[in-house]
Amino acid sequence: MDIKILDSWLRDFLETKATPAEISKYISLCGPSVERIEKINGDCVYDIEVTTNRVDSASVYGIAREASAILPRFGISAKLKPIRSESKEYSFTKSVPYLAAIVDSKLCPRFTAVLIENVQIAESPEIIKKGLEASGIRPINNIIDISNYVMLELGQPVHTFDYDKIMEGRMVLRESKRGEEIETLDGKKFKLPGGDIVIEDGGGRLIDLAGIMGGSLSKVEADTKNVLLFVQTYNPVKIRKTSMALAQRSMAATIFEKGTDTELVSQGVLKAIELFKTLTKGTVSKQILDIYPSPYKAMSAAINMDYIKERLGIDISKKDITSYLTSLKFDCKWVGDLLTIKIPSFRAKDIKGPEDILEEIARIYGYHNLPSLIMTGPIPVRSEDPKFNFELNVKNIISGFGGSEVYTLSLIPESDTDEKHLKLKNPLGPKTAALRTSLMPSLVNALKENIGTTDKFHLYEIANIYLPKTGDLPEERLILAGIFNGYDYRSAKGIVEGILERLNIAITFKTEESKGFGASKCAFIYSKGEVLGKIGVVEESGQIYYEFSMQKLLDFSPKVISFKPVPKYPAQIEDLTLFLPEKTRIGDVVSAILRGNQLIKTVKFKDVYHSSYTFRIAYQNKDKTLTDAEVKEIRDKIISSLKSKFGASVKG
Amino acid sequence: MQEDILSIKNQAVAQIMSAESASELEQIRIDYFGRSGKFTNLIKNIKNAPADNRKQIGQTINEAKESIEELLENQKKIFKESAREWFDPTIPGKMPAVGHIHLVTKTIEEISRIFGRIGFERARYPEVEWDYFAFETLNMPKDHPARDEWETFFVDAPENPKFGKMVLTPHTSSGQAREMLRVKNPPIRMINIAKCYRRQSDVTHVPVFHQFEGLVIDKGVSIVNLKGTLDYFAKAFYGKDRVTRLRPYHFQFTEPSFEIDISCGVCDGRGCKVCKGGWLELGGAGMVHPNVLKAGKVDPNIYSGFAFGWGVERVLMMKDGLNVPDLRMLYSTDLRYLTQF
């Protein structure tokens with residue numbers, strides 16, 4: 001959470017000659033991070049990020065406490081001034097005449113309240129208003145301002161009730177039942193989810209959504225005479241649940257949900273009382289109701305010298321360690337190499353094990369003072385997963401053939417998939433509500449975006465699709481897909497064939513019907529009887545699209561390519577031109593020629609003119625040079641078989 | 001006769017030197033050495049000279065002839081060279097279709113290479129993940145306020161009795177426990193680069209982005225090693241003059257936790273509009289929390305480690321001179337952007 005505090009307010013608790021720039025720089029290096037300093041009217045405001053584990057420093061006093069430990073490490077003297085209060089006048093007692101309270105201590109570990117009579121509601125003095133405004137809180141009147149002022153100064157949220165609106169002077173602090181209703185003082189009405197901390201008065205009415213916001217039934221208003229000052233700690237988990245469920249994120253709630261210090265409660269009450277006396281001229285009851293069945297007992301934690309040195313990676317003296325921890329209010333006791341520290345109440349939530357103590361030592365020592373060294377230990381010996389190199393290799397090949405890689409969103413509108421898919425419970429909007437099951441819609445969109453900018457292009461992507469599985473995480477299947485604009489089918493298919501050639505995968509094509517492609521406009525790509533991918537014309541947009549399973553490509557691409565002796569005898573190469581009837585699949589003709597004789601090494605489709613198709617055929621025998629007569633014999637057989645299979649005839 | 005020879009020779013030399021083309025030279029050759037050329041006639045006339053002079057005259061003619069022939073050849077060569085076939089090597093070429101590899105891929109490869117050099121092994125873990133790996137193994141029990149910082153997308157699918165809700169992983173840290181469970185015995189040096197998802201979209205955030213997660217686990221791994229590794233990366237990636245610093249921070253899954261800053265390359269750390277007081281925030285890191293080690297079945301009494309999870313796009317955007325104004329631009333599919341890289 002971010003807090004804003006005034007420099008002059010900070011100096012109420014911090015005696016130092018450090019400039020705001022120094023304070024800001026040094027506490028950022030060793031403690032809470034000052035994001036920015038803003039100058040206003042001869043003063044300045046620190047904008048500070050306080051991490052969730054350090055709610056104890058989310059206040060003016062908390063920052064002063066951190067600064068008093070950090071600044072001396074940079075050679076600047078700094079002393080923490082105590083919180084002034086007239087504690088001796090008041091007594092904390094388990095019961096008081098003005099309020100009968102029944103409190104569930106599991107929900108509220110410490111409950112305090114005090115009656116202040118005959119308050120005069122007025123505007124707050126300038127100094128209070130200035131402090132609140134600097135922190136981003138609008139001053140309203142002295143009573144409400146006191147609550148906010150104490151919260152900002154000490155980090156203890158404070159609430160006030162109009163005492164006369166609490167029926168029968170009775171309170172029951174309990175868990176809500178599901179469906180109970182309450183109106184908070186900002187006028188919002190809530191039906192409670194159940195298990196929320198609420199306060200019921202003697203009239204059976206809910207008068208407070210505890211720790212989050214007061215109820216409108218007990219609200220302090222312009223005609224309020226008597227105020228019940230109310231300072232507590234609450235079960236942080238309960239506060240968080242309610243606050244999240246109702247989306248009611250008050251500053252009090254964001255503090256309470258992190259777990260506040262029970263010992264801070266008394267300081268909060270006393271500070272508020274002091275302000276009530278001076279600002280509202282109210283009469284404060286001498287007895288403060290304090291229901292606190294298990295007061296804080298200082299806990300301790302231990303750490304070993306070896307552990308400190310090993311984790312810090314440097315040598316450090318016991319004396320220095322003691323000095324750093326003492327400045328942070330930990331009591332230190334060394335027995336041999338074992339250090340035991342006593343944990344003050346305000347750090348009880350975040351200091352538990354040796355790793356936590358180590359952090360305190362390390363940050364005050366200063367991370368900037370530590371050397372930088374790469375590990376000297378053994379390097380793990382495992383063979384790296386080949387998929388990463390393979391992916392890069394594929395990308396290099398495709399980009400070499402003119403493809404431009406894109407990254408499209410893996411979240412798509414539900415309307416873009418009619419297959420079984422996963423959808424989000426809380427999408428940012430309908431356009432990104434589902435996890436994609438195909439890259440086709442994304443690439444079609446990417447293509448559309450570019451139409452008109454250039455006429456010929458090829459986009460591709462390697463990304464996951466997400467295929468739902470019952471009772472388990474989806475299968476995340478890595479897909480290579482590409483789309484062409486302005487390429488004729490043969491050029492596009494040639495690129496796909498080129499990719500597979502580079503990957504040393506022998507493939508065949510077979511016409512199949514497939515979703516998203518035009519009827520009879522898709523071919524599946526096979527290798528050794530398995531489908532690796534497909535290519536075809538997209539039904540919707542008419543562009544050529546291809547896709548492959550990356551895992552299949554990896555599996556079928558040989559890891560090591562075996563050497564084949566270079567042929568000793570030259571091949572006989574000739575062009576064969578055939579007339580073929582309309583609607584003959586040339587891919588089938590090529591494979592028929594190739595399969596026709598073992599001595600045919602390669603068949604390439606060269607060109608087509610009207611219905612005459614020219615094929616370039618290489619005949620080769622590894623043991624000798626073929627004679628013209630031998631080639632003629634093979635050719636004649638092929639031609640006659642093509643004649644019967646496809647109705648082919650030879651030109652000329 | 002001697003004078004005639006020398007005067008013809010001088011005449012020839014003068015003509016050769018002033019000739020302007022190979023054909024002119026050829027004409028000169030014919031004029032002097034042709035069937036009725038001047039030299040040819042001189043040779044024919046030797047027989048008319050007095051007998052005792054003939055030998056000397058013959059010698060003089062030969063010398064003159066040889067030197068003129070040599071001169072002719074040389075001059076011809078010069079003309080040949082300047083008369084080469086016309087060719088324009090600057091004529092614009094016919095480029096094949098030029099492809100492009102995406103900036104994010106290039107960045108991922110660069111990151112992998114940098115960490116690969118110091119023994120990190122690449123990994124990738126699920127994008128659709130259980131709450132258990134995304135949060136619980138990272139020391140963030142249910143309802144922990146720290147979870148707020150991860151604007152998590154939830155998948156509309158039944159909860160798993162053991163692993164809880166299905167989420168889109170908000171960070172690569174989900175791979176920490178998975179890597180420990182896979183490897184079983186440290187040492188571990190992992191660099192996990194994968195897609196992550198957060199419910200946010202503005203100038204510096206996109207809902208789908210990439211992180212790279214480093215995880216090092218071994219005996220005696222210290223904060224000094226974390227500093228060393230990240231400093232090495234920053235120098236390798238941004239340049240050797242850049243320095244890093246650690247500031248305290250808090251993450252549930254590391255203790256101590258840090259934010260890592262790098263000195264600003266624009267102002268060399270003096271402070272400018274781009275940076276905060278001379279520093280730019282790179283990302284978070286920390287010493288692996290013992291509870292996270294335990295979740296990965298690694299004994300925190302024997303092993304320690306550090307981890308960091310940084311945005312690929314973020315470290316890329318911080319490269320000097322890239323000047324992409326809006327992180328969302330990185331994911332544009334506009335070829336006018338794609339073909340720039």
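Biologist: What makes Arg54(A), Asp56(A), Arg65(A), Glu66(A), Arg347(A), Asp350(A), Glu360(A) and Arg363(A) a network?

Modeller: In this predicted model, those eight side chains are linked by salt bridges. Take one pair from the group: Arg65(A) and Asp56(A) have their closest N and O atoms 3.8 Å apart. The cut-off for a salt bridge is within 4 Å, so that pair counts.

Biologist: Are Arg65(A) and Asp56(A) buried or exposed?

Modeller: Both are buried. That label means under 20% relative accessible area.

Biologist: How many salt bridges turn up over all chains?

Modeller: The search of the whole structure finds 59.

Biologist: Why is the contact of Asp315(A) with Lys309(A) called a salt bridge?

Modeller: The N to O distance is 3.2 Å, and the rule asks for a Lys or Arg nitrogen within 4 Å of an Asp or Glu carboxyl oxygen. So Asp315(A) and Lys309(A) qualify. In general, side chains of opposite charge can pair when their charged atoms come close.

Biologist: What makes Asp315(A) exposed and Lys309(A) partly exposed?

Modeller: Exposed means over 50%, and partly exposed lies between that and the 20% mark. Asp315(A) has 62% relative accessibility, so it counts as exposed. Lys309(A) has 32%, so it is partly exposed.

Biologist: And in chain B, what do Glu136(B) and Lys142(B) do?

Modeller: Their side chains meet in a salt bridge, at 2.8 Å from N to O. Glu136(B) is partly exposed at 31%, while Lys142(B) is exposed at 51%.

Biologist: What makes a patch of negative charge out of Glu63(B), Glu66(B), Glu69(B), Glu70(B) and Glu73(B)?

Modeller: They gather on the surface, and Glu counts as negative. A patch residue needs over 30% relative accessible area and no salt bridge, with like charges joined within 9 Å. Glu73(B) sits in helix α4, residues 51–82 of chain B.

Biologist: Why is Lys329(A) worth a look, and where is it?

Modeller: Lys329(A) has a positive phi of about 75° although it is not a glycine. It is found in the chain A loop between α10 (318–327) and β20 (331–335), and is partly exposed at 38%.

Biologist: What about phi of Lys184(B)?

Modeller: Phi is near 70° there, again a positive value in a residue other than glycine. Lys184(B) lies in the loop between α7 and β5 of chain B. With 59% relative accessibility, over the 50% mark, Lys184(B) counts as exposed.

Biologist: Which peptide bond is cis, with omega near 10°?

Modeller: The one from Pro186(B) to Pro187(B). Pro187(B) is in the loop between α7 (175–183) and β5 (188–197) of chain B. Another cis bond joins Glu255(B) and Pro256(B), with omega about -5°. Pro256(B) belongs to strand β8, residues 254–263 of chain B.

Biologist: How far apart are Glu263(A) and Arg110(A) in sequence and in space?

Modeller: They are 153 residues apart in sequence and 8.9 Å apart in space, C-alpha to C-alpha. Glu263(A) is in the loop between α7 (251–256) and α8 (264–280) of chain A.

Notes
Residues numbered from 1 in each chain as written. Chains lettered and ligands numbered in written order. Predicted model: local features only at pLDDT ≥ 70, side-chain atom pairs only at ≥ 80, totals over all residues. Heavy atoms only, no water. Patch = residues over 30% accessible without salt bridge, like charges linked within 9 Å, V, L, I, M, F, W, Y side chains within 5 Å. Areas by Shrake-Rupley, 256 points an atom, 1.4 Å probe, with all protein chains shown as cover. Charge placed at Lys NZ, Arg CZ, Asp CG, Glu CD. Helix = DSSP H or I, 4+ residues; strand = E, 2+ residues; numbered from the N terminus. Buried < 20%, exposed > 50% of the residue type's maximum accessible area, 1.4 Å probe, protein only.
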